[in-house]
Amino acid sequence: VTNNHVVEGGSRFEVIYADGSRVSAEVVGTAPELDLAVLKVSGKAPAVAPLGDSGALAPGSRVAAIGSALGGFRNTVTAGVLSAHNRRLGDLDGLLQTDAAINHGNSGGPLINLAGEIIGINVAVVRGTGSDAAEGLGFSIPSNTVRVVAEQLISSGRVVRPYLGITFEPLNPQLAGDSGLSVVQGAYIQQVVANGPSAQAGLKVGDAIVALGGQTIDDQHPLPQVLLQYRAGQSLELTVARGDKQFTLTVRLGQRPDA
């Protein structure tokens with residue numbers, strides 16, 4: 001598993017193992033909108049690392065990043081902590097944030113926990129310039145997203161993302177107070193697409209989705225990540241907060257128009 005931007009535009013690929021040996025690889029599938037790709041190597045890999053549960057790791061937990069820093073410093077290991085869940089960077093959301101040093105060339109490398117499990121795929125670093133210069137702002141795609149996307153790419157070569165037909169932002173205590181909601185975690189609905197799945201189910205602007213299919217929506221389990229577990233056409237139960245009340249609705253998922 002690597003980033004889409006690592007393989008984008010390429011025609012021939014190799015994987016270099018830690019012992020320096022090289023094997024040819026082919027692209028199984030890519031998900032550009034999620035910046036993920038899966039390659040298949042010929043022969044047996046010398047070792048593999050398992051995917052862990054990114055949602056189970058608490059902020060402040062120790063992590064390490066592995067990659068080829070700046071392209072030439074292969075097998076570079078840096079350490080830090082998991083700074084936060086559910087960060088947004090450009091078109092990517094639900095990212096893990098870490099202060100483990102991530103440099104250009106680390107893209108596609110793993111972020112691991114102390115059990116040696118992969119809990120993220122490193123995707124970007126933000127440094128800023130001038131008075132906005134920053135340090136320790138690295139971002140990784142959570143393993144819980146990677147797992148679902150990789151399985152779909154391996155089975156069909158593409159990812160079909162289900163569609164709720166809403167625009168939302170993560171709920172926080174300040175937004176909840178300003179909106180008169182009695183819950184402080186969930187997905188706050190900013191816009192409902194006319195005649196879309198959510199509109200047909202009865203969701204309104206100002207509602208908050210607090211659970212989907214029985215899974216609580218919070219920073220460790222953001223809505224887009226939980227939604228990926230399902231397929232277009234499935235019917236799901238949503239737990240919705242509206243003001244000081246909570247209730248359930250059933251929504252039939254659509255397929256993203258851009259899929």
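This report walks through the sheets, hairpins, cavity and pockets of a predicted model.

## About the model

Residues are numbered from 1 along each chain as its sequence is written, and side-chain values use heavy atoms, with hydrogens and water left out. Because the model is predicted, local features need pLDDT of at least 70 and side-chain atom pairs count only at pLDDT 80 or more, while totals for chains, interfaces and linings use all residues.

The term pLDDT stands for the predictor's confidence in each residue, from 0 to 100. For the protein chain its mean is 91, and 95% of the residues reach 70 or more. The elements themselves are DSSP runs numbered from the N terminus: helices are H or I with at least four residues, and strands are E with at least two.

## The barrel

Six strands close into it in the order 4-5-6-9-8-7, with antiparallel pairing. Two strands count as paired if DSSP finds at least two bridges between them. From one strand to the next, the twist averages 50°; such angles run from 0 to 180 degrees between N-to-C directions, along axes that are lines fitted to C-alpha atoms, for helices over the stretch in contact.

Helix 2 (residues 143-156) packs on this sheet and touches strand 8 (118-125) and strand 9 (138-142), where contact means heavy atoms within 4.5 Å. The direction of helix 2 makes about 45° with that of strand 9.

Next comes an open sheet of three strands, in the order 1-2-3 and with antiparallel pairing. Strand 1 and strand 3 stand at the edges with a single partner strand each, so one side of each is left without a neighbour in the sheet. On average, neighbouring strands here are turned by 50° against each other, direction ignored. Helix 2 packs on this sheet too, touching strand 2 and strand 3, and its direction makes about 55° with that of strand 3.

Four bridges join strand 1 (residues 13-16) to strand 2 (residues 22-31). V15 has V23 as its bridge partner in strand 2, and I16 stands opposite R22. Five residues lie between the strands in this hairpin, where G20 takes a positive phi near 95°. Strand 2 is also joined to strand 3 (residues 36-41), by six bridges, and A31 stands opposite L36. That hairpin has four residues between the strands, and D35 takes a positive phi near 55°.

## The cavity

On a 1 Å grid over the protein atoms alone, a cavity is a set of points where a 1.4 Å probe fits but cannot get out; a pocket is an open set with protein on both sides within 12 Å along at least five of seven lines, and lining residues have an atom within 4 Å of a point. Grid points are joined across faces, edges and corners, and a volume is the space filled by probe spheres set on the points.

The largest cavity holds about 30 Å³ of space, and its lining includes S54, H85, N86 and D219. Strand 5 (73-89) and strand 6 (92-98) each supply at least two of the lining residues. The lining divides into two nonpolar, six polar and one charged. Here Ala, Val, Leu, Ile, Met, Phe, Trp, Tyr, Cys and Pro count as nonpolar, Asp, Glu, Lys and Arg as charged, and the others, Gly among them, as polar.

The largest pocket has a volume of about 1800 Å³. It is lined by 42 residues, of which V1, V15, I16, G108 and P110 are the closest to its centre. Elements giving two or more residues to this lining include helix 1 (4-7), strand 1, strand 7 and helix 2. By type, the lining has 24 nonpolar, twelve polar and six charged residues.

The second largest pocket contains about 650 Å³ of space. Of its 28 lining residues, D93, R161, F168, P224 and R256 are the closest to the centre. Among the elements that give two or more residues are strand 10 (162-163), strand 11 (166-170) and helix 5 (223-227). This lining divides into 16 nonpolar, five polar and seven charged residues.
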